[in-house]
Amino acid sequence: METGELNPNQYPAQRAAKVVQHYLNTRHGSPFKLFGLQRVHGGNAEDVADSGRKYQLEITVHEIISNAAQKCSVEVLFPRGEKQRSADVQASCEELLKINTTAQEQALYEQFKTNKSLVSAQYLPDSHGHIEPQNKPLWHLGIVASSFVMLKESSENSLYNMAQVVNITQQATEDDHLKFDCHTLLHELVSQEIVPWKLLFTWSPAEGVKVVQMEQLPHCHECEKPPNSD
């Protein structure tokens, strides 16, 4: 793997920067707050003895729903070892984290809590790349939950994007959390594989998204690549 100054447009820098996106979504993502990598400006990589490889990057992150953006200094350490462990991320994007979506989240939470029937949706986006407006919060929840998988599975040799929520269904609960069962497809760009995962997760405005169970499903070799997976 390359050390020293990195070309911001090549895979090593892009892979490390993408991990920051997944990290921010697992920590701060919600139905109304979603983070994406906009640009890598530059950076460097170095081997850290007995620890792994550390990437120091200057990137621009944007909050996709509000279209706000901020240039951030980030650090990503890919641990070394036989057993793959999640990358260690240090990211300071404080201005983006100040975006207040409390009112929208509370309104959606109350709506889901008081609905006479449990909500569900399929194929987000559909084969034409379309998502009905009322289903966009479910799509965003699916992305945030899938970010836990993408953060866990990311390495220096992979690059993950969310491809599609095949289905997402609200589950009955007795506590304050909303619970969802979700089947998602992830696009691993290096191998060009579409990887299916089954997730069980909870969400509340106070606690955010918490993944309770994650299971990789058998590969579907007949599956076509869903739209907008690049």
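## Basis of the description

Helices (H or I, at least four residues) and strands (E, at least two) are DSSP runs, numbered from the N terminus. By this numbering, Glu82 is found in the loop between strand 4 and strand 5.

The model is predicted, so that local features need pLDDT of at least 70 and side-chain atom pairs count only at pLDDT 80 or more, while totals for chains, interfaces and linings use all residues. Residues are numbered from 1 along each chain as its sequence is written, and side-chain values use heavy atoms, with hydrogens and water left out.

An open sheet of five strands has the order 1-2-3-4-5, with antiparallel pairing; two strands pair if DSSP finds at least two bridges between them. Strand 1 (4-5) and strand 5 (88-92) are the edge strands, and each pairs on one side only. Strand 3 and strand 4 (residues 68-79) run antiparallel and are joined by 12 bridges. Gln56 has Glu75 in strand 4 as its bridge partner.

Helix 1 (residues 11-28) lies across strand 2, strand 3, strand 4 and strand 5, and runs at about 120° to strand 2. Such angles run from 0 to 180 degrees between N-to-C directions, with axes being lines fitted to C-alpha atoms, for helices over the stretch in contact. The expected span of a helix is 1.5 Å times one less than its number of residues. For helix 1 this gives 26 Å, which agrees with its end C-alpha atoms, 26 Å apart.

Five strands form an open sheet in the order 6-7-8-9-10, and the pairing is antiparallel. Strand 6 and strand 10 (208-216) stand at the edges with a single partner strand each, so one side of each is left without a neighbour in the sheet. From one strand to the next, the twist averages 25°. Eight bridges join strand 9 to strand 10, and these two strands run antiparallel. Lys198 has Glu215 in strand 10 as its bridge partner. Helix 4 packs on the sheet and touches strand 6, strand 7, strand 8, strand 9 and strand 10; its direction makes about 125° with that of strand 7.

Thr184 is found in strand 8 and counts as buried, at 0% relative accessibility. Its side chain makes a polar contact with the side chain of Ser146 (3.3 Å). A polar contact is a pair of N or O atoms within 3.5 Å; within protein, one must be able to donate a hydrogen and the other to accept it, and residues adjacent in sequence count only if both atoms are side-chain atoms. Leaving aside neighbours within four places in sequence, Thr184 is in contact (heavy atoms within 4.5 Å) with residues including Gly142, Met162, Gln164, Val195 and Trp197.

## Nonpolar cores

A nonpolar core is a set of buried Ala, Val, Leu, Ile, Met, Phe, Trp, Tyr and Cys residues joined through side-chain atoms within 4.5 Å. The largest has 30 residues, and those with the most contacts inside it are Leu124, Leu138, Ile168, Phe180 and Phe201. Two or more residues each come from helix 3 (102-114), strand 6 (120-124), helix 4 (136-153), strand 7 (160-171), strand 8 (178-188) and strand 9 (193-204). Helix 4 gives the most, with eight residues.

Not counting residues up to four places away in sequence, Ile168 touches several residues, among them Leu124, Leu138, Phe180 and Phe201. A second, separate core of 25 residues includes Leu57, Phe78, Ala87 and Leu151.

## Backbone and loops

Most residues other than glycine have a negative phi, and most peptide bonds are trans. Asp50, although not a glycine, has a positive phi of about 65°. Asp50 is placed in the loop between strand 2 (35-48) and strand 3 (52-63) and counts as exposed, at 77% relative accessibility. Gln192 also has a positive phi, near 65°. Gln192 is found in the loop between strand 8 and strand 9 and is partly exposed, with a relative accessible area of 46%.

The peptide bond from Leu124 to Pro125 is cis, with omega near -5°, and Pro125 is found in the loop between strand 6 and helix 4. Glu82 is exposed, with a relative accessible area of 89%. The C-alpha atoms of Glu82 and Tyr109 are separated by 42 Å, the two residues being 27 residues apart along the chain.

Key
Buried means under 20% relative accessible area, exposed over 50%, partly exposed in between (1.4 Å probe, protein chains only).
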